[in-house]
Amino acid sequence: MASVLVIDDDPDLVLKQVHSILKGMDILVESATTGAAGVQMVSELKPEVVLLDLRLPDASGLDVYQEIRQIDARIPVLFITTAKGADTAIEAMKQGAYDYLFKPVELRQLERVVHEALEVSQRMREPTVVAETLPEEDIQGAIIGSCPAMLEVYKAIGRVSGQDVPVLITGESGTGKEMVARAIYQHSNRGNAPFLALNCAAIPENLLESELFGHEKGAFTGADRRRIGKFEQCNGGTLFLDEVGDMPLALQAKLLRVIQEQSFERIGGNESIQTDVRLIAATHRDLKTWSEEGKFRADLYYRLSVFAVHLPSLRERGDDLRMLVQHCLRRFSRELGRNVKDVSPDTLELLQNYAWPGNIRELQNVLKQALLRATGDVLLPAFLPDLIEGSTESPVETDGSPNPELERLVQELLESNSTDIYSVVHGHVDRMLLKKVLEFTGGSQHKAARVLGIARQTLRVKLKDLGISVTLNVENEDD
């Protein structure tokens, strides 16, 4: 069973809070009141996350942290401190600690940080399996497929994993670029060191530089303490930059220097900080074309693409779809408490005829929606979302409209000469989907993210972008 460990000589309040934010999850919460006992429990339990007090009766929190790193450097450690200066906690962050919080810990902040740490821990620990045939077991982190393009991906992972060079993963959104990044990380010589992921498109431009490189106290308005960035925090490990094509041009120059010299400065600082990070980047953009058009630095493009891996879209993968449907059906049926074991031929035909602009991520979301509506043990066409039910191989020739509202929206956009139809339509679908799932989960964003199969931070960004406010049911107010 997954576990969270609290190491604190006075753990009662923090323990109560941790139990509250993990309520309903299959996670064991344990505690230790001394550093020695905590280290022993880390060795025995191998917890997913550790909350560590800086001041312990038998040792300093920093010393205990170093012992934890020797046991397993991948465990995210959250420091808890009463010292507002927090110099020791900042030093721990420089050495790879995940974050630090001040006592008394604010519940919502604790909830956010612990859930994010659990997600990071899962990314590092969950084996990413490459499977040319459907695995017998229900493996969440499986890269499945046997089409020629996927076989080339598997070969590329094998060739580059052991080489300590930057990797650029390309492909449409939703094709599984992060899973390939994790496979490369897990098969590398840094597989026992930290793996951190950052989505460059999901973070506002004015905050992205601080996320990457950190800042000094007073560097800008609101910088009330020093912040350690991902390049410093991930020293010795692997940093995955998703949607690197969306990184601002000014920030690209600083990233280029890190790749070339493995050094950088925090915002507002003049100290040159050395780091040792393997960089894996991903994008759905055509960076070569963008670099020729001046939208992306050409020198950075060539540095990132020392080794490139391209993922095919789902519509290019032929019979892989059938295998992916079976895998997702088995996995999501268990997660959602359904007993659907098979797919009707008509349903499979609809799925095969759909264009899948959102690729595997869209397939997963569609199957989850279908399972939530399903009755019996066979997935029928009636359970599929309207968008899929109305698809054919030649959508232009469709006589009727199973979703008049959606078709009317597309027609209006075409008549208005819109150049952003894909984004608008997907925003419309996302709004419907997110509202439906949040209604199903009683307003719990954590449960909704789990049902949708996306990161909680991604859900927050989508809700904010779509202007959706969330109200929790009373029984879910701590979720």
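Which residues does S188 touch, not counting residues up to four places away in sequence? S188 touches S161 and R278, where contact means heavy atoms within 4.5 Å.

## Basis of the model

This is a predicted model, in which local features need pLDDT of at least 70 and side-chain atom pairs count only at pLDDT 80 or more, whereas totals for chains, interfaces and linings use all residues. Residues are numbered from 1 along each chain as its sequence is written, and side-chain values use heavy atoms, with hydrogens and water left out.

S188 is placed in the loop between helix 7 (177–186) and strand 9 (195–199); helices (H or I, at least four residues) and strands (E, at least two) are DSSP runs, numbered from the N terminus. S188 counts as buried because its relative accessibility is 12%, given that buried means under 20% relative accessible area, exposed over 50% and partly exposed in between (1.4 Å probe, protein chains only). Although S188 and Q163 are 25 residues apart in sequence, their C-alpha atoms are 7.5 Å apart in space.

An open sheet of 5 strands has the order 2-1-3-4-5, with parallel pairing; two strands pair if DSSP finds at least two bridges between them. Strand 2 (27–32) and strand 5 (99–102) stand at the edges with a single partner strand each, so one side of each has no neighbour in the sheet. On average, neighbouring strands of this sheet are turned by 20° against each other, direction ignored. Strand 1 (residues 2–7) pairs with strand 2 in the parallel sense over 6 bridges, and V4 stands opposite V29 in strand 2.

Helix 2 (residues 35–45) packs on the sheet, where it touches strand 1, strand 2 and strand 3 (49–53), and its direction makes about 155° with that of strand 2; axes are lines fitted to C-alpha atoms, for helices over the stretch in contact, and angles run from 0 to 180 degrees between N-to-C directions. Helix 3 (residues 61–71) lies across strand 1, strand 3 and strand 4 (77–81), and runs at about 155° to strand 3.

## Strand 10 and D242

Strand 10 is mostly covered, with 5 of its 5 residues buried. T238, F240 and D242 point one way from the strand, while L239 and L241 point the other way. In a regular strand the side chains alternate between the two faces of the sheet. Strand 10 runs parallel to strand 9, to which 5 bridges join it, and 4 bridges join strand 10 to strand 13 (residues 278–283), again in parallel. N199 stands opposite D242, and the bridge partner of L241 in strand 13 is A281.

D242, found in strand 10 (residues 238–242), is buried yet has no salt bridge, and the nearest side chain of opposite charge, K177, is 5.3 Å away. Here Lys and Arg count as positive and Asp and Glu as negative, while His and the chain ends are not counted; a salt bridge is a side-chain nitrogen of Lys or Arg within 4 Å of a carboxyl oxygen of Asp or Glu. Leaving aside neighbours within four places in sequence, the contacts of D242 include K177, N199 and A282.

## Salt bridges within helices

The structure holds 27 salt bridges. One of them joins K155 to E152, with the closest N and O atoms 3.3 Å apart, and both residues lie in helix 6 (residues 148–160), 3 residues apart, about one turn of the helix. K155 is partly exposed, with a relative accessible area of 46%, and E152 also counts as partly exposed, at 43% relative accessibility.
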